[in-house]
Amino acid sequence: MPRPVGQQLVLIMLVLISGSAMARQDQQQQQHISNCQDVTEYFPYCLVFLKGYTHRPSQQCCVHIKLLNVIAKGDYKHIHERRRFCQCIEDMVKGTSPFIPLRIRALPKYCRMKLGFPISNHRDCSRV
């Protein structure tokens, strides 16, 4: 038995709304990935030092962390950019071995610079 026209319209609207919500979620995930491109490109060079696999950060680590710092200083005028960097780093290291806190503090000294963004094992990025 065919459904009345009103029920068909309601079903069509529900399908469109749920499809739109799924597309929006997918778009947000893609945007987060592209927003993290600078972090995912430059930060991994320092992971071996921060996790304790080497005694000093590599030259590549220092060069790349300085590049991130330049990006951070340009974008950090807005709190949402500080939070973005924080969240990108948190997402990158989620589920891996933790950073050594002493290494986090030593990185700026070894690389002769002041970090313009937070690095941690777990940080509430909404409080950055």
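**Exercise 1. Determine how the length of helix α5 compares with the expected span, and which of its residues are buried.**

Solution. Helix α5 covers residues 79-93, which makes 15 residues, and from its first C-alpha to its last it reaches 22 Å, close to the 21 Å expected at 1.5 Å a residue. The expected span is taken as 1.5 Å times one less than the number of residues, and helices here are DSSP runs of H or I with at least four residues, numbered from the N terminus. The model is a predicted one, in which local features need pLDDT of at least 70 and side-chain atom pairs count only at pLDDT 80 or more, while totals for chains, interfaces and linings use all residues. Residues are numbered from 1 along each chain as its sequence is written, and side-chain values use heavy atoms, with hydrogens and water left out.

The buried residues of α5 are Glu81, Arg84, Phe85, Cys86, Cys88, Ile89, Glu90 and Val93. An α-helix has 3.6 residues a turn, so residues three or four places apart point the same way. After the helix comes Gly95, whose phi is positive, near 85°.

**Exercise 2. Find the aromatic pairs and state which parts of the chain they join.**

Solution. The structure holds 2 aromatic pairs, a pair being rings of Phe, Tyr and Trp (its six-membered ring) whose centres lie within 6.5 Å, with planes under 30 degrees apart counted as stacked, over 60 as edge-to-face and the rest as tilted. Phe43 and Phe99 form an edge-to-face pair, 6.1 Å centre to centre with 65° between the planes. Phe43 sits in the loop between α2 (37-42) and α3 (47-50) and Phe99 in the loop between α5 and α6, so this pair ties together parts 56 residues apart in sequence. Phe43 is buried at a relative accessible area of 0%, and Phe99 is buried at 3%.

Phe49 and Tyr110 are likewise edge-to-face, at 5.5 Å centre to centre and 85° between the planes. This pair links helix α3, which holds Phe49, to helix α6, which holds Tyr110, across 61 residues. Here Phe49 is buried, at 1%, whereas Tyr110 is partly exposed, at 34%.

**Exercise 3. Describe the disulfides, with the handedness of the links of Cys46 and Cys61 and of Cys86 and Cys125.**

Solution. A search of the whole structure finds 4 disulfides, each a pair of cysteine sulfur atoms within 2.5 Å. The sulfur atoms of Cys46 and Cys61 are 1.9 Å apart, and with 105° about the S-S bond their link is right-handed. It connects the loop between α2 and α3, where Cys46 lies, to Cys61 in helix α4 (residues 59-75), 15 residues apart.

The sulfur atoms of Cys86 and Cys125 are 2.1 Å apart, and the torsion about their S-S bond is about -75°, so this disulfide is left-handed. It joins helix α5, through Cys86, to the segment after α6, through Cys125, over 39 residues. Cys86 and Cys125 are both buried. With the bonded cysteines of the protein numbered in sequence order, the pairing is 1-6, 2-3, 4-7, 5-8.

**Exercise 4. Identify the residues that touch the most other members of the largest nonpolar core.**

Solution. A nonpolar core is a set of buried Ala, Val, Leu, Ile, Met, Phe, Trp, Tyr and Cys residues joined through side-chain atoms within 4.5 Å. Of the 25 residues in the largest one, Phe43, Leu50, Ile65, Phe99, Leu107 and Ile119 touch the most other members. At least two residues of this core come from each of α2, α3, α4, α5 and α6, and α4 supplies the largest share, 5 residues. Not counting residues up to four places away in sequence, Ile65 touches several residues, including Phe43, Cys46, Leu107 and Ile119.

Methods: Buried means under 20% relative accessible area, exposed over 50%, partly exposed in between (1.4 Å probe, protein chains only). Contact means heavy atoms within 4.5 Å.
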